[in-house]
Amino acid sequence: MFQTTIARESSVEGVGLHTGVCGRVRLVPAPAETGIVFRRVDLENFPIEAQGHNVARVSYATSLMKQGVLLSTTEHLLAAIYSCGIDNIYIDIDSIEVPILDGSAEPFMQMLEHSGIRRLRRKRRYLKVLRPLQVSEGDRRIGIYPADEFRVRCYVDFPHPLVGQQEVEMLVSPDTFRHLLARARTFCFERDIEPLRAMGLIRGGSLDNAIVLTQDGVMNGPLRFPDEFGRHKALDLIGDLALAGLPLLARVEAHKAGHSLHTQLVSRLLADPSLWTVTTGEARRTQTDAYLTALSQAPASAAD
Ligand SMILES: [Zn+2]
């Protein structure tokens, strides 16, 4: 239960989904207690911490802003870093938006695999949720509940023959994220493309970085999973929960939610310290140990 960083640097270059601006991201090892920090290398390394109080806009992507300096579309990269259990990292970037690459978190997972993980000599601190918190907007809602591990449940419902109702429920770990979510790509409806372009968004969008849903099918198949849409929403959720600033010990349930509700949940959680505590995880391990001891001592017939 020690803090981690990456062992070596890695970088990638690509276009931003919304701005269409090309940028380079470089992942750099960071010392203990740094957290996840973006640095705008085009602005004298201006740091923007990946934390709830820096959330700015959350319409079609999550953007961070600090002292007027903006950084857009952080969610896929943060989902990969957070799921991999990396506590401390600098994300050096020379533009206003994280590259969209193939629309999923897989290229970022490949970068992290190349970088490797290094253990630091400082105990990891967790944000352990003690009391539930819910946020809702009409029929969309999200809640966070006490748990001894980090779990998410994500439910989506889009009136489309290929989507409909999809639900993903999982314990978040590097393995589950890699196998179940990382490859799921972002998506949009063909009918929304012109309105979004008119709003100045998706300037970097293409058939190579987003699934485009037509009236009754998909323009650029095949899908990577039959329920790729629900999986991608769960990926987005984890990327936004990374803004809690510490690994969570909590269960999060999202029902037709999106970036706005995800980030509202994080902001309200952090704003009310009676809802959580910061722990080094000793209590968690003690509980697990006690449980394992009880199991080993129970008579065999008591099982099942
Ligand atoms: Zn996304």
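Two residues are taken to be in contact if their C-beta atoms, placed from the backbone, lie within 7 Å. Helices (H or I, at least four residues) and strands (E, at least two) are DSSP runs, numbered from the N terminus. The structure is a predicted model, in which local features need pLDDT of at least 70 and side-chain atom pairs count only at pLDDT 80 or more, while totals for chains, interfaces and linings use all residues. Residues are numbered from 1 along each chain as its sequence is written.

Under this contact criterion, Glu75, His76, Leu78, Ala79, Tyr82 and Ser83 in helix H1 meet Leu235, Asp236, Ile238, Gly239 and Asp240 in helix H5. The residues of this contact divide into five nonpolar, three polar and three charged (Ala, Val, Leu, Ile, Met, Phe, Trp, Tyr, Cys and Pro count as nonpolar, Asp, Glu, Lys and Arg as charged, and the others, Gly among them, as polar). The axes of H1 (residues 75-83) and H5 (residues 228-241) come within 7 Å and cross at roughly 75°; axes are lines fitted to C-alpha atoms, for helices over the stretch in contact, and angles run from 0 to 180 degrees between N-to-C directions. H1 and H5 are therefore roughly perpendicular to each other, a term that covers angles of 65 to 115 degrees.

An open sheet of five strands has the order S2-S3-S8-S4-S5, and its pairing is mixed; two strands pair if DSSP finds at least two bridges between them. Strands S2 (10-15) and S5 (46-49) stand at the edges with a single partner strand each, so one side of each has no neighbour in the sheet. On average, neighbouring strands of the sheet are turned by 25° against each other, direction ignored. Strand S4 (residues 36-40) runs parallel to strand S8 (residues 89-93), and five bridges join the two. S4 is also joined to S5, by four bridges, and this pair runs antiparallel. The bridge partner of Arg40 in S8 is Ile93. The hairpin of S4 and S5 has five residues between the strands, and there Glu44 takes a positive phi near 55°. Helix H2 (residues 106-115) lies across S2 and strand S3 (22-29), running at about 165° to S2.

S4 is mostly covered, with four of its five residues buried, whereas none of the nine residues of helix H4 (residues 190-198) is buried. H4 is followed by Gly200, which has a positive phi near 85°. Ala182, in the loop between helix H3 (174-181) and strand S15 (187-189), is buried, with 23 other C-beta atoms within 10 Å. Leaving aside neighbours within four places in sequence, Ala182 is in contact with Ala80, Ser104, Ala105, Glu106, Met109 and Phe177.

A nonpolar core is a set of buried Ala, Val, Leu, Ile, Met, Phe, Trp, Tyr and Cys residues joined through C-beta atoms within 7 Å. The largest such core has 68 residues, of which Ala80, Ile81, Ile89, Ile238, Leu241 and Ala242 touch the most other members. A second, separate core of seven residues includes Val15, Leu101, Leu201 and Ile202.

Notes:
A residue is buried if 20 or more other C-beta atoms lie within 10 Å of its own, exposed if 12 or fewer, and partly exposed in between; C-beta atoms are placed from the backbone. Angles under 35 degrees count as roughly parallel, over 145 as roughly antiparallel, 65 to 115 as roughly perpendicular and the rest as oblique.
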